[in-house]
Amino acid sequence: MHVKILLSLLFVGLLLNAEQPINTEKPGIYLGRQIAYTMHSDGANWLTRSEREKEESTQEMIKALGLKKGMTVADIGCGNGYHSLEMAKLVGEKGTVFCVDVQFIMLKLLEKRAREAGIKNCKTILGEFTDPKLPKGKVDLILLVDAYHEFTDPEAMLIKMKESLSENGQIVFLEFRKEDKKVPIKEDHKMSKKQILKELVHNGFKLVRSYDKLPWQHMMFFGKAKK
Ligand SMILES: C[S@@+](CC[C@H](N)C(=O)[O-])C[C@H]1O[C@@H](n2cnc3c(N)ncnc32)[C@H](O)[C@@H]1O
């Protein structure tokens, strides 16, 4: 009995150790935008809430990505994998989804969900706040859903993400619409189209297209701008 308790304590200790600290002090300002606090893994259930499909039309969003079998894609700030698992089904066994998060516990929750769904092509990566640790020049599409506005060092992340993209690779931004007062999300967790464009152009990206039919979010596709 004592051995069991000791082993459980050791396991919890390992989990806490592996978890990087998330920002407790107010994050900085980037190009005039207040960066939001990082969402803690304690709130992971909110990401898989039953109303999410209705609120965000997530199936329509995934379809709009235009994923094909065999693609190499990444879900950065993947949380517990709400979108990663859907992407994994679409890219199929020959494709790969790199699932990146800075919170170890989020990745463990994702791995459990993938195991239960029989999904084998999700590869989890414990990222750093300045580096998603993706392979260079290999990723066809990076998805960022409700994550970029939390990046404490957006510029460092954009540099690394750009390096990881294949020649015609794209980054897809999903952010709650700041212009729309009816979207019931805290102000720091929303972004305007103008602000997203400003930050991406500043970092050497060009807007390829926008999908404007989602109920609450902007969906913007960016590619590398020519030097
Ligand atoms: C609001 S959650 C969104 C999760 C998921 N994209 C979804 O839509 O279900 C934001 C996630 O971004 C992660 N995150 C924040 N900064 C990050 C960074 N620099 N690199 C990777 N993940 C980050 C957080 O740990 C959190 O799990």
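Figure 1. Where pLDDT is low, the predicted coordinates should not be read in detail. Among the elements of the protein chain, helix α1 (residues 2-18) has the lowest mean pLDDT, 45, while strand β3 (residues 72-76) has the highest, 99; helices (H or I, at least four residues) and strands (E, at least two) are DSSP runs, numbered from the N terminus. For the protein chain, the mean pLDDT is 92, and 91% of the residues reach 70 or more. Residues are numbered from 1 along each chain as its sequence is written. Because the model is predicted, local features need pLDDT of at least 70 and side-chain atom pairs count only at pLDDT 80 or more, whereas totals for chains, interfaces and linings use all residues.

**Figure 2. The largest nonpolar core.** This core has 48 residues, and a nonpolar core is a set of buried Ala, Val, Leu, Ile, Met, Phe, Trp, Tyr and Cys residues joined through C-beta atoms within 7 Å. Val73, Ile142, Leu143, Leu144, Val172 and Phe173 have the most contacts inside the core, and strand β6 (residues 139-145) gives the largest share of this core, six residues. Leaving aside its neighbours within four places in sequence, Phe173 is in contact with Leu144, Tyr148, Ile196, His218, Met220 and Phe222.

Figure 3. Beyond its neighbours within four places in sequence, Ser166 is in contact with Gly137, Lys138, Val139 and Asp140. The C-alpha atoms of Ser166 and Leu141, which are 25 residues apart along the chain, are separated by 8.4 Å.

**Figure 4. The shell around the ligand.** Of the 23 residues around the ligand, Leu47, Gly77, Gly79, Tyr82 and Val145 come nearest; a residue is near a molecule if its C-beta atom, placed from the backbone, lies within 6 Å of it. The elements that give two or more residues to this shell are α5 (82-91) and β4 (96-101).

Technical notes
Buried ≥ 20, exposed ≤ 12 C-beta atoms within 10 Å, placed from the backbone. Contact = placed C-beta atoms within 7 Å. pLDDT = per-residue confidence, 0-100.
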